[in-house]
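Please keep the 3D view open as you read.

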4 protein chains.
Amino acid sequence: MGEKKKLAIVGATGYTGQELTRILAVHPSARISIMTSRQNTGEAYADLFPSFKGYDLPTLTQYDPARLRSVDLAFFCLPHAESMEAVGKAHDLGVKAVDLSADFRLRVKKVYEKWYGPHSRGDLLKKAVYGLPELYREKIKKAQLVANPGCYPTGVILGVAPLLSAGVAGPGRIIADMKSGVSGAGRKGTLALSFCEVNEAFRAYNLYAHRHGPEMEQELSAALGKKASVTFSPHLAPMNRGILGTIYLALTKKLSSSALREVLAEAYLDEPFVRVLPVGDLPCVSRVRGTNFVDLAVTASPDGKEAIVVTAIDNLVKGASGAAVQNMNLMLGLPETEGLLSPPLRP
Amino acid sequence: MGEKKKLAIVGATGYTGQELTRILAVHPSARISIMTSRQNTGEAYADLFPSFKGYDLPTLTQYDPARLRSVDLAFFCLPHAESMEAVGKAHDLGVKAVDLSADFRLRVKKVYEKWYGPHSRGDLLKKAVYGLPELYREKIKKAQLVANPGCYPTGVILGVAPLLSAGVAGPGRIIADMKSGVSGAGRKGTLALSFCEVNEAFRAYNLYAHRHGPEMEQELSAALGKKASVTFSPHLAPMNRGILGTIYLALTKKLSSSALREVLAEAYLDEPFVRVLPVGDLPCVSRVRGTNFVDLAVTASPDGKEAIVVTAIDNLVKGASGAAVQNMNLMLGLPETEGLLSPPLRP
Amino acid sequence: MGEKKKLAIVGATGYTGQELTRILAVHPSARISIMTSRQNTGEAYADLFPSFKGYDLPTLTQYDPARLRSVDLAFFCLPHAESMEAVGKAHDLGVKAVDLSADFRLRVKKVYEKWYGPHSRGDLLKKAVYGLPELYREKIKKAQLVANPGCYPTGVILGVAPLLSAGVAGPGRIIADMKSGVSGAGRKGTLALSFCEVNEAFRAYNLYAHRHGPEMEQELSAALGKKASVTFSPHLAPMNRGILGTIYLALTKKLSSSALREVLAEAYLDEPFVRVLPVGDLPCVSRVRGTNFVDLAVTASPDGKEAIVVTAIDNLVKGASGAAVQNMNLMLGLPETEGLLSPPLRP
Amino acid sequence: MGEKKKLAIVGATGYTGQELTRILAVHPSARISIMTSRQNTGEAYADLFPSFKGYDLPTLTQYDPARLRSVDLAFFCLPHAESMEAVGKAHDLGVKAVDLSADFRLRVKKVYEKWYGPHSRGDLLKKAVYGLPELYREKIKKAQLVANPGCYPTGVILGVAPLLSAGVAGPGRIIADMKSGVSGAGRKGTLALSFCEVNEAFRAYNLYAHRHGPEMEQELSAALGKKASVTFSPHLAPMNRGILGTIYLALTKKLSSSALREVLAEAYLDEPFVRVLPVGDLPCVSRVRGTNFVDLAVTASPDGKEAIVVTAIDNLVKGASGAAVQNMNLMLGLPETEGLLSPPLRP
């Protein structure tokens with residue numbers, strides 16, 4: 001067995017940084033050698049996060065692009081805008097990077113700037129590969145910079161893209177009604193995310209105004225072969241993890257649930273992390289908790305004119321850090337599923 | 001002050017029976033004089049449900065239609081099919097009744113029988129009034145038999161009917177993506193509803209196959225003036241109470257959120273329990289917990305061609321027992337809001 | 001019916017302020033005429049808390065002691081230290097007050113200052129009456145200033161005091177292992193209280209260091225007739241409301257559960273809000289949710305040498321705002337239970 | 001690398017069976033070759049538990065002791081009484097076994113029969129080794145039959161035994177106030193465990209009457225060197241997993257928290273799964289979720305006469321299936337921590 005690959009986590013104290021640490025702490029072929037944090041420099045990671053007591057992890061340091069030359073790959077878990085600068089500097093030094101922010105997901109600078117504000121490293125937008133291995137595996141293997149997908153888009157794109165590519169669905173609006181656990185909002189001490197405000201509550205937010213919308217449209221347009229129109233409604237559910245997506249599609253011709261399922265099953269035949277459920281079963285977020293799986297089901301309407309795709313992912317794993325490790329495995333020539341095969345923690 | 005009205009609760013041990021008891025135990029103008037249960041006959045209600053210790057409630061007895069002649073009104077909280085018989089016998093004796101089952105909600109026998117099975121009291125289907133005061137107040141006042149609406153339909157119909165009636169929305173399918181707390185499934189000891197299976201979980205169920213679908217279509221068709229087509233997707237959320245509805249509608253002409261809100265606000269101007277939120281705010285189930293309120297908001301898409309209506313109710317109150325008391329108040333000539341004005345229990 | 005009593009809520013935007021508003025909004029004999037807030041002056045209460053939309057409530061104003069002369073009683077829901085000043089000024093103007101902070105609960109200034117810091121209105125410590133009607137009803141009726149008990153002490157004192165007074169329990173340490181819902185920590189946007197940190201978690205905190213300890217010892221010493229020694233351990237449970245207390249006591253002589261229950265039952269015979277459960281049943285916080293009840297049970301050890309008292313309250317009601325309204329009713333000559341009799345919201 | 005060890009799970013469909021499957025599905029040196037179920041014979045495990053879709057697991061079969069001769073070790077996840085028979089037969093055939101039921105935990109037949117009923121294999125009670133590696137590692141390595149400890153006793157014994165052995169604590173009663181997540185009650189469809197009854201609820205149960213009490217007394221007496229007296233109070237907390245224990249101990253001499261911590265730290269110096277927290281920090285069940293860790297802290301009272309030990313485990317891992325795999329590793333000569341080192345799933 002060769003030496004373990006060395007990794008950096010830039011911005012290691014948010015939920016995606018912690019989740020990367022959780023996965024990588026027992027990865028057979030890689031180890032974390034650099035962890036950075038602006039606010040907690042000098043602290044031992046396990047002092048800050050006692051759940052990691054007993055694990056051999058580096059002390060938190062300030063981000064220094066030059067130091068990244070010593071690692072095989074760096075993960076960036078920074079807020080958007082801040083990420084583009086940090087990733088950009090690392091890229092200029094030749095560092096392989098998986099960026100978990102939104103900064104390199106949108107290929108068109110104008111679209112990015114409409115939703116997020118100015119982009120200082122527009123030069124990298126076309127170089128970055130969208131980190132969905134199910135769509136871009138070969139490109140990811142050769143990429144220097146991978147833009148890890150957003151949590152909501154992951155569920156929507158994987159659930160729907162094969163149906164659009166196959167030409168069986170997609171005319172008119174695609175409606176993606178998405179329900180997310182609270183960790184999707186990040187590690188924050190705000191009143192709106194406090195236990196008493198979220199527990200025993202359920203609400204929609206940011207209707208027609210969530211930044212993951214254009215990301216869905218970009219990838220679904222690619223699948224459809226023309227401009228796809230997505231109505232995306234995010235909701236906050238009283239649970240820690242998980243995104244359930246319920247996606248409504250018009251069909252191009254009358255089809256049964258079985259026929260539609262066949263399209264998905266074939267598209268994902270060799271995919272290690274996509275599980276297409278039998279007709280009659282429906283995904284549940286608890287069945288993918290803590291894993292990199294995406295569970296999918298499709299149900300045709302009785303008249304066969306529309307269909308509902310239901311998708312379930314763990315927003316912190318397949319929706320963030322698990323996908324990032326899957327990308328890393330591909331970029332470093334490791335087995336794609338390595339470190340990602342533990343079954344769901346259920347109940 | 002006159003004497004208090006006397007009431008019966010037939011089938012008092014399920015969640016809707018308990019919720020009726022909760023509301024009626026402090027109703028200023030009514031008191032419960034009969035409570036029935038097949039399984040717990042002879043037991044004191046507070047022995048069975050110790051949360052009611054200290055309240056003066058009758059001992060549980062077997063259902064006997066003849067005894068209902070002594071009450072001013074009877075609530076029926078029985079399973080469908082069983083209810084039609086029990087309600088029918090009481091009706092034949094001249095008893096005023098609010099039926100919380102599905103048995104008298106659908107006006108067309110054939111539709112009922114397609115979804116639920118044989119109906120032995122089809123003669124009452126046309127006499128029964130659909131118990132949504134916001135739509136049928138005057139009829140309810142004079143009714144002998146009121147069919148209390150289903151929990152899911154209540155949220156959908158109240159959110160959408162005025163937009164259909166006004167002719168601003170409704171062509172094509174109406175998509176109702178509904179998220180319900182677990183009490184909507186009733187008081188049951190099944191594995192699927194056990195804490196560990198539901199907590200930290202979220203799932204869809206019964207796609208294109210839930211019995212509340214035809215009820216929505218019946219009432220929305222009435223509002224639209226022609227056959228309305230509803231795609232209804234129920235979901236189970238890890239919380240005790242509440243239904244959040246996210247309803248997608250095509251518009252007949254380009255309209256802003258404000259214009260759409262105006263339609264709802266005008267329709268519900270004098271309604272004591274409907275709260276139309278300002279543009280920019282969205283309902284949350286915790287804001288209506290324990291109350292008879294329905295909170296509504298409408299958001300137009302940026303291109304003004306479609307809209308999303310979000311509705312929140314407490315499934316056990318406005319979605320069941322609160323609506324039943326509202327109907328009772330109307331049927332007995334009491335102030336409509338009596339006993340129903342406590343603010344939400346939040347947090 | 002006479003005119004409604006006029007009330008002020010000073011510091012109306014925390015959870016205890018909201019809970020007072022919830023109760024008083026439908027109180028038959030009182031209405032809120034002043035609500036204050038430092039941060040939200042000028043805002044309508046229902047704009048800040050949309051769950052109150054539809055209720056007639058005053059606009060938030062700055063606290064001004066002079067204005068309190070127009071009300072019959074003022075509730076103070078301010079942080080400790082801040083409260084002593086505000087309450088003191090109102091007291092000097094002759095205003096009746098219920099203080100929900102800790103500032104006037106401890107009778108001995110030195111004890112207060114050891115746990116909380118300097119006390120500027122030590123002159124009022126002896127005048128203030130400890131607001132537990134079950135112990136001090138007659139004094140409360142005549143009081144100008146009532147110190148509303150802490151949430152943890154309420155459960156402990158009511159569960160144990162009669163056993164100490166009767167001389168059947170109490171030698172040695174009393175161990176109070178208390179489990180509280182999250183609203184007990186107040187309305188705050190801190191990371192430690194964020195949903196993802198609290199949900200699916202359970203922890204102890206502030207062992208031997210919680211400020212409610214001396215309050216318990218003060219009142220239990222009074223019951224015991226000599227210095228009582230209490231080991232008090234607070235815990236945070238993943239639920240919005242409720243405190244369950246498990247209290248371990250040595251007995252002075254061998255006694256059965258029935259005999260101990262009899263002591264409690266007799267002590268609370270005429271108490272409207274204390275429910276002593278039958279032997280074999282144990283309290284559950286959900287059975288008192290949203291109510292002013294305290295549920296109690298006592299179980300003797302098989303050898304009859306020690307006993308476990310279990311108590312359940314809703315920390316925001318009997319543990320705070322409900323008790324405050326009960327005190328108000330007494331102070332204003334209203335029926336003690338008025339506005340406080342709605343059954344628990346369950347499930 | 002040698003061939004993987006072959007394992008059987010007898011009674012694979014309860015929560016402990018599922019949890020064994022979760023852990024063993026990715027164990028580097030072992031694989032499951034037999035899974036049994038009385039009710040689901042013939043079904044594929046992943047059809048029954050779709051969260052395991054994609055894993056290579058055997059079809060469920062009826063239990064047949066003879067077939068166990070083909071495996072290196074069998075886990076028994078059967079109800080008590082039923083287990084003694086099944087384990088006994090396997091033992092007679094020379095099969096190595098870890099029994100997760102209570103049937104072989106108590107060494108004295110009379111004690112077992114007082115709490116559980118008749119024992120048909122009393123001959124094995126003395127041969128069985130109590131499966132707590134921290135106390136009995138060397139015996140476990142050589143055992144043919146290991147009795148896996150109860151979930152509650154694990155937390156209590158590991159938290160307290162070293163203090164008793166060291167002679168610094170233990171005179172008088174030890175009070176163990178234990179709070180468990182709901183999975184501890186098993187995979188059951190009963191009303192009492194239904195979501196709406198457990199969520200937003202908290203209660204004590206089985207005071208002075210829980211079967212884990214004698215198990216604690218057996219092991220703590222061994223540590224103390226004389227009969228230990230334990231008052232054990234179980235509680236049900238609204239969360240899926242985890243047991244927090246708060247244990248009250250009298251000290252034999254005045255000691256500080258640091259001195260007490262030192263006793264624990266030294267006792268567990270080389271233990272891979274016991275984490276003794278620094279003074280001032282306290283365990284939280286979420287920090288051990290999904291892991292085999294036990295987190296411990298001890299706090300002395302200000303007068304140094306008593307102490308509170310707080311312990312946290314995941315009831316399904318260190319409290320059941322994780323401990324079982326730890327025992328298996330020891331019994332089969334594998335590295336003790338193999339397959340058990342994934343960090344906590346948090347949040």
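A:Lys109 is partly exposed, since its relative accessible area is 38%. Please keep in mind throughout that this is a predicted model. The partner of A:Lys109 is A:Glu113, and the two form a salt bridge in which the closest N and O atoms are 3.8 Å apart. A:Glu113 is also partly exposed, because its relative accessibility comes to 32%, which falls between the limits of 20% and 50%.

Where do A:Glu113 and A:Lys109 lie? Both belong to helix α4 of chain A (residues 109-116), and they are four residues apart, about one turn of the helix.

## A salt bridge from chain to chain

Next comes a pair in which A:Asp303 meets B:Arg173 through their side chains, at 2.5 Å from N to O.

## A buried salt bridge, and a network

In chain D, the salt bridge to look for is the one between D:Glu134 and D:Lys318, whose closest N and O atoms are 2.9 Å apart. This pair links distant parts of the chain: D:Glu134 is in helix α5 (residues 133-142) and D:Lys318 is in helix α10 (residues 317-331), 184 residues apart. D:Glu134 counts as buried because its relative accessibility is 12%, under the 20% limit. D:Lys318 is buried as well, at 0%.

Salt bridges can also share partners, as they do in chain A, where A:Glu19, A:Arg22, A:Arg241 and A:Asp314 are joined into one network. Over all chains, the count comes to 84 salt bridges.

## Where chain A meets chain C

How many residues of chain A are in contact with chain C? There are 19 of them, and they touch 19 residues of chain C. The area buried between the two chains is about 1,500 Å², with carbon and sulfur atoms giving 60% of it. On the chain A side, A:Phe195, A:Cys196 and A:Asn240 lose the most area to chain C, and together they account for 41% of what that side buries.

The count of salt bridges between chain A and chain C is zero, but six residue pairs are in polar contact there. Helix α7 of chain A (residues 195-198) gives the most to the side of chain A that touches chain C, with four residues. By class, that side has nine nonpolar, six polar and four charged residues.

## Aromatic rings

The structure holds 40 aromatic pairs over all chains. One of them joins C:Tyr45 and C:Phe52 in a tilted arrangement, 5.5 Å centre to centre and with 50° between the planes. Both C:Tyr45 and C:Phe52 are buried. Another pair, C:Tyr63 with C:Phe76, is edge-to-face, with 5.9 Å between the centres and 85° between the planes.

C:Tyr63 is partly exposed, at 23% relative accessible area, whereas C:Phe76 is buried, at 0%. Ring pairs also build a cluster from A:Tyr45, A:Phe49, A:Phe52, A:Tyr55, D:Phe273 and D:Phe293.

## A buried asparagine

One last stop is C:Asn148, found in the loop between β7 (145-147) and α6 (151-165) of chain C. C:Asn148 is buried, because its relative accessible area is 1%.

Which backbone atoms does the side chain of C:Asn148 reach? It reaches the backbone oxygen of C:Ala320 at 2.7 Å and the backbone nitrogen of C:Ala324 at 3.4 Å. Leaving aside residues up to four places away in sequence, C:Asn148 touches a set of residues that includes C:Val98, C:Asp99, C:Arg105, C:Ala323 and C:Asn327.

Notes: Residues are numbered from 1 along each chain as its sequence is written. Chains are lettered from A and ligands numbered from 1 in the order in which they are written. This is a predicted model: local features need pLDDT of at least 70, side-chain atom pairs count only at pLDDT 80 or more; totals for chains, interfaces and linings use all residues. Side-chain values use heavy atoms; hydrogens and water are left out. Contact means heavy atoms within 4.5 Å. Buried area is the accessible area (1.4 Å probe) that two parts lose on being put together, summed over both. A salt bridge is a side-chain nitrogen of Lys or Arg within 4 Å of a carboxyl oxygen of Asp or Glu. A polar contact is a pair of N or O atoms within 3.5 Å; within protein, one must be able to donate a hydrogen and the other to accept it, and residues adjacent in sequence count only if both atoms are side-chain atoms. Helices (H or I, at least four residues) and strands (E, at least two) are DSSP runs, numbered from the N terminus. Ala, Val, Leu, Ile, Met, Phe, Trp, Tyr, Cys and Pro count as nonpolar, Asp, Glu, Lys and Arg as charged, and the others, Gly among them, as polar. Rings of Phe, Tyr and Trp (its six-membered ring) pair if their centres lie within 6.5 Å; planes under 30 degrees apart count as stacked, over 60 as edge-to-face and the rest as tilted. Buried means under 20% relative accessible area, exposed over 50%, partly exposed in between (1.4 Å probe, protein chains only).
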